[in-house]
Each structure stands twice: as structure tokens, then as C-alpha cells.
Amino acid sequence: MTTSQPPAFPDGFLWGASTAAHQVEGNNVGSDFWQAEHDGSRGLPERSGDACDSFHRWPEDLDIARDLGLNAYRFSVEWARVVPAPGHPSAAMLDHYRRIIEGCGQRGLTPVVTLHHFTSPAWLSAGGGWTSGEAVAHFADYVRAVLPILDGVPWVCTINEPNMVALVAARRRHGGGEPVPSFVPPDPGVTAALARAHEEARDLLASVPGLRSGWTVANQNVQDHGAGPDRTAELSYLVDDQYIDLAKDDDFIGVQAYSRLRAGGDGVIAPGPDDRRTMMDWEYYPLALEDAVRHTAARLGGSTPLLVTENGIATADDDERIAYTTEAVTGLARAMADGIDVRGYLHWSLLDNYEWGSWTPTFGLVAVDRTTFRRTVKASARWFGRLVQDPAAVLGGKAAS
Ligand code: BGC
């Protein structure tokens, strides 16, 4: 494909950054992840603690996003806070999240609200979690409780990365010191429960005028590196495609992409010493976003709009963040120039935050002091702000290939 045009993004394109409650709020004490951090059951090296204290400092976070020139902010509502005990939603917590939604509006930021971002109430997990039989009904009750505060919210992600939730559940079954094989398929029982929960949520959310709902998929970008087309397609179906297919009746699908998964003749090829890697030990692969967007659109037949709900890199080198994001967004522009309907790009993440057991990988456009919670806007954030104002000037002719 060749285009001499500079990258064009339509009017109203969302440019923003994403966060998730447990990773930034702090003291999410009623959640299952907090519990796991403290009971040692998952061998997590570090605890979330106060996180970025965004529970209290969200106005400052929104001010930063606005001052950078962004027009969207993705955050999640925490089920464990909204429903601290089954059947007893907290009006005060709902009011807290409503204030964030209104705070977005006051700053010209379109809110993109996620209802489930990995964490569930500890009481749900204690009762068996997603496969308990009651989980879907509990999730529907939670969604019903949240509905009144979603007035005016145009984008709602029901469940973040169901494929990762089901994959983590499957991997945890390999506990007890037994080595985990290089490929473990996502848990089918958890997948089925999440699919039902998503459908129920979608039906409930349809009652809010102007609200579009969808779920987000962590695109693994399975590529054939010796496995052969059949095995590659099979792996892709297990980790990505079955979840993409389930979005076909949704208002949109959230695309999240960071790297790729190479399917070799002897199984998954883990990034090795010869591969450039990020702080997550993932292969440095900025084309992940273009691949994921093209794959998702092709899989859905072009009928469902896409929203990039996450893309970014864990690096201590801020120049590398700029380089990675330049390539990723350039690839996105190429895909859009080919007619793929993408409504926005939300960078992961606004803040350096708690990376599910560790504080080491830094994905943020903004650094956060762990003791004073002082925010420091990085050069990459200012670069991203300039990109948002004038993508053509910042990316130049890079969309041409
Ligand atoms: C998740 C985020 C996470 C990021 C980097 C995504 O899978 O939605 O919560 O921090 O990737 O690992």
C-alpha cells in the first residue's frame, strides 16, 4: 500500500489515555486482587498499597489529561467498591464515580468507562468466582446499580480483556509448583461465564440513550513462525478470535495490542536474548497495533467500529516510548487509510501504575512519586499532546509506506 497523504484522523477522533481502578486508585481493599496481594496465594512480589492515590487525586489526573490537549479519558469503575456486599450497592461510591464522569465533561474529556477491569469483589471470588453459577447474575446486579450514573457516557467497556481473564484462570490451575506449559488455552468455563455477563450487560446498557457498549480484547497477534496455517489459526481462535467473534453484535470493540505471539513448530516461541524486549519481557513489536486493528476488522467483516482502548510500552526510556508510539500510531493511520473504521486511540497508560504484582514496568506518560504522589509529566506525554493537536505534523510522511 502506498499513500503520499499525511495521516488523517477524522473529526471527533478520540485521543486519550487509559487507566484502571485497581492500578491507580489505591487501597482497593474489598477486591480479590488486594486479597491475593496480601494472602500470598498468587506469589505476587509487590502490593498495590496506595497505588497512585487516584481515588483522591483524580481531579489532578484529569487536569493533566486536559492540559496535554487530550479529549478522552478511560478509567474503570470498581465493582468491589460499588457493591461491597452482595445486594447492597454503595450510593457514596456511585456518587464518587459520577463525579469523575462529570469531571471529564467539565474538562472537555470524553469519558470511556470500563465496568470490569480484572478485579472482582473478594466476596465473589470467595464464592467460586466467575464459574460459581451466581457470578453472571451478580454482575448484572452491579451493572444495574451503575446504570443511573452512566447518563451522558458515550462509550462503555463491559469487561476488559475477557481472554486474559480466562487465560489467567487457566494458568492458575497449574499452581502447586508444577511448571506451566508455554501455551495454556483460556479456561472455557470462565470464557462462557464472561460471554454471558457481557451479553447481559449489553442488554442493560442499551437502555441508556446514546451509550455504546462493547468489550475489549487483548490481541495476541498470533503469527505463523513454523506452526503452519492450521495450528496458527487454531491458536488464534483460542486466544483472540473467539472473543472477537462474540463482539459482532456489539456497538464497538475495544482493541488492545502491545506485541505478538509467534507460533513455532515446537510451540510458542518466547522472546529470547536476541529479541529486543520491553520491561515486560515482551518482544518490542510496535506493528502490533496495526496487525490487531486489521485482524479485528477482517474478523468482524468491517461491520463493527473499533476503538483502540489500550496500546503502549513498558520502558524506562521515554524516547523509546515515543519511538514505539510513533510506529504504532503510524500503522494505525495506514489501516485507517485503507478504510478501517477506528474511532479513537487511548494510550496505556496515563500514569506509571501498579502492574498487577509489580511496580517495576513503567507504562505511563506521567511518572508518579510513590510517597508524595507527585505527578511528573514526561517528555513522551508532551510529545503525545502535540501529536493529538496535529498528527500530520508530528508523524509527517511516516504513514506512507
Ligand atoms: C491490561 C492492563 C495492563 C496492560 C499491561 C492490559 O492487558 O488491560 O491492565 O496494565 O495490559 O500489561
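This is a predicted model: local features need pLDDT of at least 70, side-chain atom pairs count only at pLDDT 80 or more; totals for chains, interfaces and linings use all residues.
We begin with the ligand. Its surroundings comprise 14 residues, and the closest are Gln23, His117, Glu161, Glu310 and Glu355. By class, this shell divides into 7 nonpolar, 4 polar and 3 charged residues. For Glu355, an N or O atom of the side chain is 2.6 Å from a ligand oxygen, and for Gln23 the corresponding distance is 2.8 Å. Trp348 also takes part, with a polar side-chain atom 3.3 Å from an oxygen atom of the ligand. On its own the ligand has 310 Å² of accessible area, of which the protein covers 94%.

Turning to helix 5, this element spans residues 91-106 and contains 16 residues. From its first C-alpha to its last it reaches 22 Å, close to the 22 Å expected at 1.5 Å a residue. Its buried residues are Leu94, His96, Tyr97, Arg98, Ile100, Ile101, Gly103 and Cys104. These pack against helix 3, helix 4 and helix 7, as well as against strand 2 and strand 3. Just after the helix, Gly108 adopts a positive phi of about 75°.

Arg321 counts as buried because its relative accessibility is 1%, under the 20% cut-off. Beyond its neighbours within four places in sequence, Arg321 is in contact with Ile313, Thr315, His347, Thr362, Phe363, Gly364, Leu365, Lys378 and Ser380.

Terms used
Residues are numbered from 1 along each chain as its sequence is written. Side-chain values use heavy atoms; hydrogens and water are left out. A residue is near a molecule or strand if one of its heavy atoms lies within 4 Å of it. A polar contact is a pair of N or O atoms within 3.5 Å; within protein, one must be able to donate a hydrogen and the other to accept it, and residues adjacent in sequence count only if both atoms are side-chain atoms. Accessible areas come from the Shrake-Rupley method with a 1.4 Å probe; for residues, only the protein chains shown count as cover. Ala, Val, Leu, Ile, Met, Phe, Trp, Tyr, Cys and Pro count as nonpolar, Asp, Glu, Lys and Arg as charged, and the others, Gly among them, as polar. Buried means under 20% relative accessible area, exposed over 50%, partly exposed in between (1.4 Å probe, protein chains only). Contact means heavy atoms within 4.5 Å. Helices (H or I, at least four residues) and strands (E, at least two) are DSSP runs, numbered from the N terminus. The expected span of a helix is 1.5 Å times one less than its number of residues.
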